[in-house]
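User: I want to go through the labels on this model and ask what stands behind each one. Please set the values against the cut-offs.

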Amino acid sequence: MTVESVDAVEVKAEETQMTEVSVCVPEEEKTVGKVDEAAPKTVEKSSSYREESNFLSDLKDSENKALIELRSKLEEAILGNNLFKKEAGTESKEEQPAAAEEKEKEPEATDGTAQEGEDKQSSNDVEQQEEVVDRDITLWGVPLLPSKCAEGNDVILLKFLRAREFKVNEAFEMLKKTLEWRKEFKTDSILEEELGQDISSVAYMNGVDREGHPICYNIYGVLENKELYQKTFGTEEKRNQFLRWRIQLMEKGIQNLNFKPGGVTSLLQINDLNNSPGPSKKEIRIATKQAVSLLQDNYPEFVARNIFINVPFWYYAMNSLLSPFLTQRTKSKFVFARPSKVTETLLKYISVEEIPVQYGGLKREEDTEFSVEDGGVSELVFKAGSTTTIEIPAPEVGSTLLWDLTVMGWEVNYKEEFVPADEGSYTIIIQKGKKMGSQEGPVRNSFRNNEPGKVVLTIENSGSKKKRVFYRYKTKNCSSF
């Protein structure tokens, strides 16, 4: 499940504001998409929101001062063995001098008693000498002792400071509680456990956004399945198991982060509310609230953006009621998209080749046909009432041409043909002209030519709005097989 979902509005502010994205493309009445393989036109990256910098030179004086103070408190706590709660029967170094003073106030004992006391004191001294300071405490693989000057230490500390608005004492307490919780929850070994095989379709990591943030998809609709719902939330034990699995998924995502200044240090959450069970389901409300609480308290500044897609009307209503109680910083990370705006919204943050086909992109699971090495995706924009064509050259006989194509919002007429180079030959219809509705998914097709020529993809926009077309292709020559 998601870090922030139905109960997400209770989460404290953790993320930064976003600048609006726009892609400017010149419009033409008639466009012919002839791809220049040497320099293909690729989809322009939109400038996404900017997260706060982790470079020390970019910090305000007050922020830098807070960081230095937090470093000092953490160093002192680690070297003094005071970072974790003391177990019964142990004393901190500060408590030991007080005990020694009390010992000096005691009256002198007889020789026998004195000898016995000296033996006990000697034993206590040995125990105290054996107390070892753990200088190797880590968090998400980053050494926490500031004097080790580990790369990433400041980035981790800044997460806690930002989560507490640079209030050093509050940030320090949050860090201590996180470490205590990880110790009790056995989080450092959670990646080795086999959890959630039955509910892996509920939430999973898949791809990265335009800024390199790993993407976590949370799919609520699958919980409409009563059997899966009961298997996940039916009992308190199952809900606890679900929480452990959700924390494990978060830890898997963090494995892909880079805690160096300038590195990618947070995730992008996409929450698909299509066919969501809604707030009436008590069990999911309880589990979600627990998950939100754990992730909010122990994973500060780990969500760069929270995108809600296929949002039902009841969610808008609930969010409007609770919005006045949220800080601007919290609200700035939420993005909502109605079913008709899903692809358009995702394209602002994720390149089309990284958007799954079910959301209007070109990414297919376990795709063996297209890869990064095949180049990027090209884009065409054409006006209402106009026609555009995309030509894929096939100069070599016996080649197999493969292409992907999608039109945002569709509602166009589309056909595919092979046009031979020899004017005396006949045009071959690959795909007859058909009306493509708004619910159409991306097209993938192929053609093997028996003579030189070209494949022509024709898109006619008879609607009242301009259209954006995304496509890519590759050619497999006979020698490739």
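User: What is Phe233 in contact with, leaving aside its neighbours within four places in sequence?

Analyst: In this predicted model, Phe233 is in contact with Leu223, Arg239, Phe242, Glu283, Ile284 and Ala287. Each of these pairs has heavy atoms within 4.5 Å. Phe233 itself is found in helix H6, residues 226-233.

User: Why is Phe233 called buried?

Analyst: Buried means under 20% relative accessible area. Phe233 has 0%. Therefore Phe233 counts as buried.

User: How far apart are Phe233 and Ile286 in sequence and in space?

Analyst: They are 53 residues apart in sequence. From C-alpha to C-alpha, Phe233 and Ile286 are 9.1 Å apart. For the chain, contacts between residues at least 6 apart in sequence join residues at least 24 apart in 80% of cases.

User: What makes H1 and H4 roughly perpendicular?

Analyst: The axes of H1 (residues 61-79) and H4 (residues 153-163) cross at roughly 105°. Angles of 65 to 115 degrees count as roughly perpendicular. So H1 is roughly perpendicular to H4. Their axes come within 10 Å.

User: Which residues make that contact between H1 and H4?

Analyst: H1 contributes Ala66, Leu67, Leu70, Arg71 and Leu74. H4 contributes Asp154, Leu157, Leu158 and Leu161. By class, the contact has 7 nonpolar, no polar and 2 charged residues.

User: Why is the pair Glu173 and Lys176 called a salt bridge?

Analyst: The cut-off is 4 Å, from a side-chain nitrogen of Lys or Arg to a carboxyl oxygen of Asp or Glu. The closest N and O atoms of Glu173 and Lys176 are 3.9 Å apart. The pair therefore meets the definition. Both residues lie in helix H5 (residues 168-185), 3 residues apart, about one turn of the helix.

User: How do you know that Glu173 and Lys176 are partly exposed?

Analyst: Partly exposed lies between the 20% limit for buried and the 50% limit for exposed. Glu173 has a relative accessible area of 37%. Lys176 has 21%. Both values fall in that range, so both residues count as partly exposed.

User: What about Lys363: buried or exposed?

Analyst: Buried. Lys363 has 19% relative accessibility, and buried means under 20%. Its side chain meets that of Glu354 in a salt bridge, at 3.0 Å from N to O.

User: What makes Asp404 and Arg444 a salt bridge?

Analyst: Their closest N and O atoms are 2.7 Å apart. The limit is 4 Å, so the pair qualifies. Asp404 lies in strand S11 (residues 400-407) and Arg444 in strand S14 (residues 443-448), so the pair ties together parts that are 40 residues apart in sequence. Asp404 is buried at 1%, whereas Arg444 is partly exposed at 25%.

User: Which residues do salt bridges that share partners join into one network?

Analyst: Asp367, Asp404, Arg444 and Arg472. The structure holds 18 salt bridges.

User: Why is the pair Ser399 and Asn477 called a polar contact?

Analyst: The N or O atoms must lie within 3.5 Å, with one able to donate a hydrogen and the other to accept it. The side chains of Ser399 and Asn477 make this contact at 3.1 Å. The distance is therefore inside the limit. Ser399 lies in the loop between strands S10 (387-394) and S11, and is buried, with a relative accessible area of 1%. Ser399 also touches other residues, including Phe447, Arg448 and Thr475.

Technical notes:
Residues are numbered from 1 along each chain as its sequence is written. This is a predicted model: local features need pLDDT of at least 70, side-chain atom pairs count only at pLDDT 80 or more; totals for chains, interfaces and linings use all residues. Side-chain values use heavy atoms; hydrogens and water are left out. Axes are lines fitted to C-alpha atoms, for helices over the stretch in contact, and angles run from 0 to 180 degrees between N-to-C directions. Helices (H or I, at least four residues) and strands (E, at least two) are DSSP runs, numbered from the N terminus. Angles under 35 degrees count as roughly parallel, over 145 as roughly antiparallel, 65 to 115 as roughly perpendicular and the rest as oblique. Ala, Val, Leu, Ile, Met, Phe, Trp, Tyr, Cys and Pro count as nonpolar, Asp, Glu, Lys and Arg as charged, and the others, Gly among them, as polar. Buried means under 20% relative accessible area, exposed over 50%, partly exposed in between (1.4 Å probe, protein chains only).
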